[in-house]
Amino acid sequence: MSRFKCWRSVRDKFLHVLCGEGSEAFEALPASIRGLGPWQGSKEGEIADLRLPLRLLLAEQAFVIVHEHVSKLDLEARRAEPSAVDNRSCPDCNGTGNVAQHGGLRQKNCWRCGGRGWLPPKR
Ligand SMILES: [Zn+2]
């Protein structure tokens with residue numbers, strides 16, 4: 001399995017269980033977990049994008065219980081690199097976010113990209 005699916009308990013909106021995508025993975029959950037439902041489908045995505053602790057737990061026990069409001073469900077790691085498709089590397093700092101100051105003795109935030117190292121795509 002390479003995708004995960006998150007289920008939310010209808011009885012307790014803070015209660016989520018994360019497992020592999022598909023009914024097979026869901027039906028493989030322990031009865032004690034399934035008994036906490038009924039469950040309704042929530043977020044899903046690539047397992048590779050999950051935050052590391054969640055990914056490890058998922059690999060270890062085939063499901064993860066997350067007790068958090070859906071608005072605070074923070075399942076996926078933030079990508080450090082903005083996608084090259086969406087953003088252009090900043091030409092002034094070559095994507096580093098810093099530019100040399102005083103002949104290279106100091107670094108400061110690049111004025112053009114504000115220290116992000118990339119620019120939003122042109123519209
Ligand atoms: Zn820049």
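In this protein, 58% of the contacts with a separation of 6 or more join residues 24 or more positions apart; two residues are in contact if their C-beta atoms, placed from the backbone, lie within 7 Å. What you're looking at is a predicted model, where local features need pLDDT of at least 70, side-chain atom pairs count only at pLDDT 80 or more, and totals for chains, interfaces and linings use all residues. Residues are numbered from 1 along each chain as its sequence is written.

**Overall layout**

The protein has three helices and eight strands, and they run β-β-α-α-β-α-β-β-β-β-β along the sequence. Helices (H or I, at least four residues) and strands (E, at least two) are DSSP runs, numbered from the N terminus. The radius of gyration is 21 Å, well over the 14 Å that the globule rule gives for 123 residues, so the protein is more spread out than a compact globule. That radius is taken over C-alpha atoms, and the rule is 2.2 Å times the number of residues to the power 0.38. Along its principal axes, the C-alpha trace spans about 65 × 30 × 25 Å.

There are two domains here, with bounds that come from an automatic or database domain assignment:

| Domain | Residues |
|---|---|
| Domain 1 | 3-72 |
| Domain 2 | 88-119 |

Their C-alpha centres lie 41 Å apart.

**What's buried**

Buried residues make up 15% of the 123 residues. A residue is buried if 20 or more other C-beta atoms lie within 10 Å of its own, exposed if 12 or fewer, and partly exposed in between. The largest nonpolar core has eleven residues, among them F4, W7, L18, W39, L50 and F63. β1 (3-9), β2 (15-20) and β4 (63-67) each give two or more residues to this core. A nonpolar core is a set of buried Ala, Val, Leu, Ile, Met, Phe, Trp, Tyr and Cys residues joined through C-beta atoms within 7 Å.

F4 is a handy place to start looking: leaving out residues up to four places away in sequence, F4 touches L18, C19, G20, E21, E44, G45, I47, L50 and L58.

**Out in the open**

H102 counts as exposed because it has 8 C-beta neighbours inside 10 Å. H102 and L50 sit 52 residues apart in sequence and 42 Å apart in space, C-alpha to C-alpha.
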